[in-house]
Each structure stands twice: as structure tokens, then as C-alpha cells.
Amino acid sequence: ATLARLDAVIANFRPERLLILGDLFHSSHNNSWAPFTAWALRQRIALHLVPGNHDILVQGNFPVTAAKQAEAIGSDSPGGTRDWSQPGGPTITGEIVADEARLPLMRGQIMARIAADGDGHGVGPTQSKSGKAIYTFDAKNSPLRFLVLDTAAETGGSEGVLRQGDIDSVIKPALDQAQTDGKWVALASHHATSSLGDGSGLGGKQQADAVTEQAWVDLLGNYPNVIFSMVGHSHENRVKWVSATSGHAFWEIMTSALADFPHQIRIVEIFDQDNGYLMLRTTNVDFSAMGDPVALEGRTLGTLDFVSGWGGKAGMGTAQDRNVELWIQKP
């Protein structure tokens with residue numbers, strides 16, 4: 001259903017590239033069997049993967065293990081599952097029909113499948129081997145380079161985790177190379193800096209080499225060519241100026257979720273103002289549900305969540321978090 005909503009978003013415009021900041025398979029209503037045809041995803045844009053916790057973990061919190069895989073495809077559901085053969089898909093427990101199609105995939109399996117689809121969506125042999133979608137790509141005919149970070153913790157927990165080993169082996173070399181190449185860097189990750197932790201949240205376990213939020217921000221302070229970061233996870237619109245203990249600061253732009261109110265994506269445009277500054281224009285975009293019953297159902301249910309108070313009130317953000325122009329000194 002989320003993909004159908006995304007398809008409705010991009011049906012009438014043609015950006016060169018689109019970054020999906022994870023949780024592509026997350027729907028607040030769990031209607032994972034609603035049919036749709038995502039033609040726009042296949043035909044109009046280059047789609048890049050940025051994994052989130054709901055893409056990597058069971059229910060976005062619990063690690064995929066051999067035991068979890070066996071439980072998912074088996075004939076017993078002690079925790080409950082949806083029965084979509086009945087109206088409304090009620091939750092049932094106990095004996096169910098075994099189905100190998102329910103197999104949850106581990107990181108390496110996910111990356112291999114994505115790499116095999118189309119142009120690979122940013123995932124290649126290196127990412128398939130490591131199981132992590134950490135990579136770069138350049139915006140055509142520009143000095144802009146995207147650095148995609150994989151902050152989902154395969155060890156469990158919904159919070160983001162950046163591990164020192166990944167920083168030393170992949171992320172810092174990519175930042176150094178961008179600086180050498182004279183590229184402006186836009187970061188993209190599912191989790192914001194404020195959502196980084198040590199992996200000890202619900203379903204997870206503490207990771208000794210997880211870096212703290214401040215350590216990560218301070219590392220980025222050494223790279224004046226980092227101009228902004230695109231993030232998600234918290235389902236709200238938020239624009240934040242992120243400052244290191246010393247050194248460079250940058251803009252962090254969080255966008256609300258398609259899965260719930262206000263059901264928006266964000267277009268980010270970058271302008272060189274030829275006066276020593278860059279300007280980032282951020283525009284929130286509503287999707288069209290005309291002729292698309294799945295997208296219309298998604299919007300209706302999400303709006304009901306919002307007005308009833310069940311879904312929270314933070315998604316829209318303030319006026320300063322939505323359609324704004326942000327300035328930063330040109331590297």
C-alpha cells in the first residue's frame with residue numbers, strides 16, 4: 001500500500017532521482033496484501049535504497065534469525081497474524097496455513113535481491129557481500145555527491161546504529177574521497193542524528209562499537225563540504241541546524257511519512273547563488289489519490305488516525321519545518 005501511495009505521488013512529475021529513506025514496507029495498518037501496480041517506480045525515476053528498521057527487522061524491532069524465519073513460514077502463529085481471507089483481515093493466533101512466501105529475509109538476501117533488480121538502486125556486489133547499503137552516487141552534471149548510510153540495526157531495536165567499523169572502513173573513506181574530488185556531500189539515512197543509539201532498544205542488544213550522536217556529528221564537523229542530510233524514521237517534518245562541538249555545521253531535513261498524516265514527500269532543490277552561498281529549497285508535496293483506491297484508502301485511514309489523536313500530532317511540523325529556503329556557505 002505504501003508503494004501504491006508513492007506511485008501516486010510521482011505520477012505527475014519527473015525528478016531525476018528519488019531517495020526512499022527506509023521503511024518502504026511499513027504501513028501503520030499492516031495491509032500488506034492490498035494489490036497495486038507501481039508503474040511510475042519502474043519507468044520514470046532512478047530509485048535509490050536507504051534502508052530503515054522496518055526493511056531489515058521483524059516488526060521493525062526484532063532481528064531476523066533462523067528461528068524467526070522458521071516461525072514465519074510455519075503453521076503456528078503464537079503472536080498473532082492477519083487473516084486476509086476474512087473481511088478486514090482480523091488477527092488470529094494458533095494454527096495457520098504454512099507458507100514459504102512469508103520468509104523474512106536477512107540483510108545479505110535483501111541486498112542481493114535489490115541488486116538484481118533493474119539498475120540495482122545503488123546496491124552492488126560490495127553491498128550484497130556486506131549486507132549494508134552504504135554507497136555514494138553523484139547528481140548528474142553537478143558537484144553534488146550523495147552518501148547513503150545504512151543505519152538500521154540488524155541486531156534489533158528500532159533506533160539507528162552507526163558502527164565504528166563501518167565508519168572506518170567505508171564511511172570515512174567516502175567522505176575523504178568526496179573532499180579530494182571537490183564534491184559537495186548530501187547525506188541520506190533513515191535515522192536522524194537524534195535517533196542514533198547503541199542498539200539496546202526493544203528487541204535489540206547493545207553494540208560495543210556503536211558511535212554516539214555527538215561523536216558522529218563531531219566527525220562530520222571535520223568536513224565543510226557536507227551541506228545537508230536527508231532523514232526520516234520519526235514520521236514528522238523537521239528542519240534542524242546540526243552543530244558539532246567544533247568545526248562545520250549542516251542542515252538536517254526530516255520528512256514526514258507517506259504511511260500516515262500528512263502523507264507527504266519532500267522535494268529538495270539546491271541552488272548555487274553565486275555569492276558564496278548555497279540555497280536549499282524544500283517543498284512538501286501531497287500525493288494524488290484520483291483513480292487509485294488503495295492510495296485513497298491509505299490517506300483516509302491515516303487522516304482518521306490524526307483527527308482521532310491515535311496517530312499523534314507531530315507529523316506536520318511547524319511552518320518553518322516544511323516549505324522553506326535554507327542557506328549554507330558554499331564549500
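Q: What should I know about the model before I start?
A: It is predicted, so residues are numbered from 1 along each chain as the sequence is written, and side-chain values use heavy atoms, with hydrogens and water left out. Local features need pLDDT of at least 70 and side-chain atom pairs count only at pLDDT 80 or more, while totals for chains, interfaces and linings use all residues.This dialogue shows how to read some features of a predicted model.

Q: What should I know before I start?
A: Residues are numbered from 1 along each chain as its sequence is written, and side-chain values use heavy atoms, leaving out hydrogens and water. The model is predicted: local features need pLDDT of at least 70, side-chain atom pairs count only at pLDDT 80 or more, and totals for chains, interfaces and linings use all residues.

Q: How many helices and strands does the protein chain have?
A: Helices (H or I, at least four residues) and strands (E, at least two) are DSSP runs, numbered from the N terminus. The protein chain has nine helices and 13 strands.

Q: What percentage of the residues in the protein chain is buried?
A: Buried means under 20% relative accessible area, exposed over 50%, and partly exposed in between (1.4 Å probe, protein chains only). Of the 331 residues in the protein chain, 48% are buried.

Q: Which residues of helix H5 are buried?
A: An α-helix has 3.6 residues a turn, so residues three or four places apart point the same way. In helix H5 (residues 107-115), the buried residues are Arg107, Ile110 and Met111. Seen down the axis of H5, these buried residues fall within an arc of 95 degrees, so they line one face of the helix. The arc is that of the directions from the helix axis to the C-beta atoms.

Q: What covers the buried residues of H5?
A: Look for contacts, meaning heavy atoms within 4.5 Å. The cover includes strand S2 (46-49), helix H3 (53-56) and helix H6 (125-130).

Q: Is Lys132 buried or exposed?
A: Lys132 is buried, with a relative accessible area of 11%. You will find Lys132 in the loop between H6 and S5. Leaving aside neighbours within four places in sequence, Lys132 is in contact with Arg107, Met111, Gln127, Asp150, Glu154, Arg163 and Asp166. Two of these, Arg107 and Met111, are among the buried residues of H5.

Q: What is the order of the strands in the open sheet of six?
A: Two strands pair if DSSP finds at least two bridges between them. The order is S5-S6-S7-S8-S10-S9, with mixed pairing. The edge strands, each pairing on one side only, are strand S5 (135-138) and strand S9 (238-243). Neighbouring strands are turned by 20 degrees against each other on average, direction ignored. Axes are lines fitted to C-alpha atoms, for helices over the stretch in contact, and angles run from 0 to 180 degrees between N-to-C directions.

Q: How many bridges join S5 and S6?
A: S5 and strand S6 (residues 144-148) pair over four bridges, in the antiparallel sense. Thr136 has Leu147 in S6 as its bridge partner. The hairpin of S5 and S6 has five residues between the strands, and Asn141 takes a positive phi near 55 degrees there.

Q: Which residues lie on the covered face of S5?
A: In a regular strand the side chains alternate between the two faces of the sheet. Tyr135 and Phe137 are on the covered face of S5, while Thr136 and Asp138 are on the uncovered one.

Q: Which residues of H8 are buried?
A: They are Trp216, Val217, Leu219 and Leu220. Seen down the axis of H8, the buried residues fall within an arc of 155 degrees, so they line one face of the helix. Their cover includes H7, S7, S8, S9 and S10.
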